[in-house]
Amino acid sequence: MKPSILMSAAVVGLILTGDAHANSCPPECPSGKIPLGIIAPTSGPPAAFGRQAVRPAEIAVEAINASGGLMGLPIALTIADDKCDSGLAIAAARRQIASDRISAVIGPICPGAVDMAAPIYSEAGVIEFLPTVSTKGFG
């Protein structure tokens, strides 16, 4: 399976899995779009690693939106840069929940960032997909 197809399936699965933070979304998203977050290092030394996670998500969202979106609504992808830093991951998770009102997130992709951000997403009811991190204690 091609990475973009796999990411497309993951994006669709995340969004359709449940009624997370944005209780009435879909089909009644306040912005008219389905909010999906991704958190990865997009600057600093680990940025090359982060681009490998962000670009397939962008491609998947572009393809889904080009084919009519999900249930007729486009996906709004919001990208948060955590630089693989635990403190930045906490701030990014809080911002994605409060400002971007995401209902699902891909990442974080760095283990230390996952350890700090996952409880924040969980408490808010945000569905989290961890494509690159193997961790114990979640689930």
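Begin with the contact between two helices. In helix 3, select Ser 86, Ala 89, Ile 90, Ala 93, Arg 94, Gln 96 and Ile 97; these residues meet Gly 112, Ala 113, Met 116, Ala 117, Ile 120, Tyr 121 and Ala 124 of helix 4. By residue class, this contact comprises ten nonpolar residues, three polar ones and one charged one. Please bear in mind throughout that the model is predicted.

Next, display both helices as cartoons and consider their geometry. Helix 3 and helix 4 pack with their axes 8 Å apart and at an angle of about 25 degrees. Because angles under 35 degrees count as roughly parallel, helix 3 is described as roughly parallel to helix 4. The crossing of helix 3 past helix 4 is right-handed.

Now select the two cysteines, Cys 84 and Cys 110. A disulfide joins them, with an S to S distance of 1.7 Å. The bond links distant parts of the chain, the two residues being 26 residues apart. Cys 84 sits in the loop between strand 2 (75-81) and helix 3 (86-98), whereas Cys 110 sits in the loop between strand 3 (104-106) and helix 4 (111-124). A search of the whole structure finds one disulfide.

Which of the two cysteines is buried, and which is partly exposed? Cys 110 has a relative accessible area of 6% and is buried. Cys 84, with a relative accessible area of 28%, is partly exposed. The assignments differ because buried means under 20% relative accessible area.

Move on to Asp 100, in the loop between helix 3 and strand 3. Asp 100 counts as partly exposed, at 29% relative accessibility. To see its surroundings, select Pro 35, Thr 78 and Arg 95: Asp 100 is in contact with these residues, leaving aside its neighbours within four places in sequence. For Pro 35, draw a C-alpha to C-alpha distance to Asp 100; the separation is 7.0 Å in space, although the two are 65 residues apart in sequence.

Finally, clear the selection and view the whole chain. Four helices and four strands are present, and along the sequence they follow the pattern α-β-α-β-α-β-α-β. Of the 139 residues of the chain, 42% count as buried. Among contacts in the chain with a separation of 6 or more, 69% are accounted for by residues 24 or more positions apart.

How values were computed:
Residues numbered from 1 in each chain as written. Predicted model: local features only at pLDDT ≥ 70, side-chain atom pairs only at ≥ 80, totals over all residues. Heavy atoms only, no water. Disulfide = S-S within 2.5 Å. Buried < 20%, exposed > 50% of the residue type's maximum accessible area, 1.4 Å probe, protein only. Axes fitted to C-alpha atoms, helices over the stretch in contact; angles between N-to-C directions. Parallel < 35°, antiparallel > 145°, perpendicular 65-115°, else oblique. Left-handed = near helix turned anticlockwise from the far one by under 90°. Contact = heavy atoms within 4.5 Å. Nonpolar A, V, L, I, M, F, W, Y, C, P; charged D, E, K, R; others polar.
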